[in-house]
Amino acid sequence: AAHPPPPQPHATPRLPTAAATATPTLLALALASPAFAAANDAAAAAPGPLAALLAALETAVSAAGPVGGPLLYAASYAAAVTALVPASPLTLLAGALFGPVLGTAVVSAGATAGAAAAFSLARGAAAPALAARLGGTPAWDKAATVLRAASGGGGGGEPSFTAAFRLVALLRLSPALPFSLLNYALGALTDLPLAPYTLATW
């Protein structure tokens, strides 16, 4: 007698597919946000003010000494990431000031701290502004649904650490999503816990 086929397990969201689906919707939200326009305006501004700020930061870091200097630089980098300031000049300056090893450590610490701050702001002080600007739009609703389902939070429970970590890590690999803007999008659109988000970002 033929054996009946084994029961098929319930389908669960696949993170690579979900990340690929969420990428264009998150990008649409980023492009529609006033923060994107502000960041572009800052990047397109005359290089004089930026050069002056970098020179002032270099002077302050040098005066802070071998311990305080890297700490001050990491804090400044975190503030820039949170404020959506283009961080490429700061990354290059870190390498020039501290060398490749310490410079990488300083940038990594600053970027991770800034990402965690932006993620938290998107669920706190910045949440009303984000919701007023983008809430209820098709892209917002689609991205929220996909990301919450992919992270395991679609049923109202908190996403697992592993699922949250994998989703953030996959989205970080997408070159289409700016690092600083993705921090706010993930904070506003998902139920991801802070710990796996921060670890995957680092």
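Biologist: What share of contacts in the protein chain, between residues at least 6 apart in sequence, joins residues at least 24 apart?
Modeller: The share is 78%, with contact meaning heavy atoms within 4.5 Å. This is a predicted model: local features need pLDDT of at least 70, side-chain atom pairs count only at pLDDT 80 or more, and totals for chains, interfaces and linings use all residues. Residues are numbered from 1 along each chain as its sequence is written, and side-chain values use heavy atoms, leaving out hydrogens and water.

Biologist: Which secondary structure does the protein chain have?
Modeller: It has 9 helices and 0 strands. Along the sequence the pattern reads α-α-α-α-α-α-α-α-α. Helices (H or I, at least four residues) and strands (E, at least two) are DSSP runs, numbered from the N terminus.

Biologist: How much of the protein chain counts as buried?
Modeller: Of its 202 residues, 38% are buried. The cut-offs are under 20% relative accessible area for buried, over 50% for exposed, and partly exposed in between (1.4 Å probe, protein chains only).

Biologist: What makes the largest nonpolar core, and which members touch the most others?
Modeller: A nonpolar core is a set of buried Ala, Val, Leu, Ile, Met, Phe, Trp, Tyr and Cys residues joined through side-chain atoms within 4.5 Å. The largest one has 16 residues, and Tyr73, Tyr77, Leu90 and Phe98 touch the most other members. Both α3 (47-82) and α4 (88-122) supply at least two residues. The top contributor is α3, with 8 residues. A second, separate core has 12 residues, among them Leu167, Val168, Leu177 and Leu186.

Biologist: What does tyrosine 77 touch, not counting residues up to four places away in sequence?
Modeller: Tyrosine 77 touches Ala87, Leu90, Thr91, Val107, Gly110 and Ala111.

Biologist: Why is asparagine 183 called buried?
Modeller: Its relative accessibility is 0%, so asparagine 183 counts as buried. The residue sits in helix α8 (residues 179-189). Leaving out residues up to four places away in sequence, asparagine 183 touches Val81, Ala115, Ala118, Phe119, Arg172 and Tyr197.

Biologist: What makes the pair asparagine 183 and arginine 172 a polar contact?
Modeller: The term covers a pair of N or O atoms within 3.5 Å; within protein, one must be able to donate a hydrogen and the other to accept it, and residues adjacent in sequence count only if both atoms are side-chain atoms. The side chains of asparagine 183 and arginine 172 are joined at 2.5 Å. Threonine 201 also reaches arginine 172, side chain to side chain, at 3.0 Å.

Biologist: Is threonine 201 buried or exposed, and how do you know?
Modeller: Threonine 201 has 13% relative accessibility, so it counts as buried. This residue lies in helix α9. Beyond neighbours within four places in sequence, threonine 201 is in contact with Ala115, Val168, Arg172 and Phe179.

Biologist: How is the packing of α4 against α9 described?
Modeller: Two packed helices are described by the angle between their axes and the distance between the axes. Axes are lines fitted to C-alpha atoms, for helices over the stretch in contact, and angles run from 0 to 180 degrees between N-to-C directions. The axes of α4 and α9 (residues 194-201) come within 9 Å and cross at roughly 145°. On the α4 side, the contact uses Thr112, Ala115, Ala116, Phe119 and Ser120; on the α9 side, Leu194, Tyr197, Thr198 and Thr201. By class that gives 5 nonpolar, 4 polar and no charged residues. Ala, Val, Leu, Ile, Met, Phe, Trp, Tyr, Cys and Pro count as nonpolar, Asp, Glu, Lys and Arg as charged, and the others, Gly among them, as polar.

Biologist: Where do the axes of α7 and α9 come, and at what angle do they cross?
Modeller: The axes of α7 (residues 161-172) and α9 come within 8 Å and cross at roughly 40°. Among the residues in contact are Phe161, Phe165 and Arg172 of α7, and Pro196, Tyr197 and Thr201 of α9. The classes are 10 nonpolar, 1 polar and 1 charged.

Biologist: Why is serine 120 called partly exposed?
Modeller: Serine 120 has 36% relative accessibility, so it is partly exposed. Serine 120 belongs to α4.

Biologist: What sets leucine 84 apart in phi?
Modeller: Most residues other than glycine have a negative phi. Leucine 84 has a positive phi, near 65°. Leucine 84 lies in the loop between α3 and α4. Its relative accessibility is 13%, so leucine 84 counts as buried.
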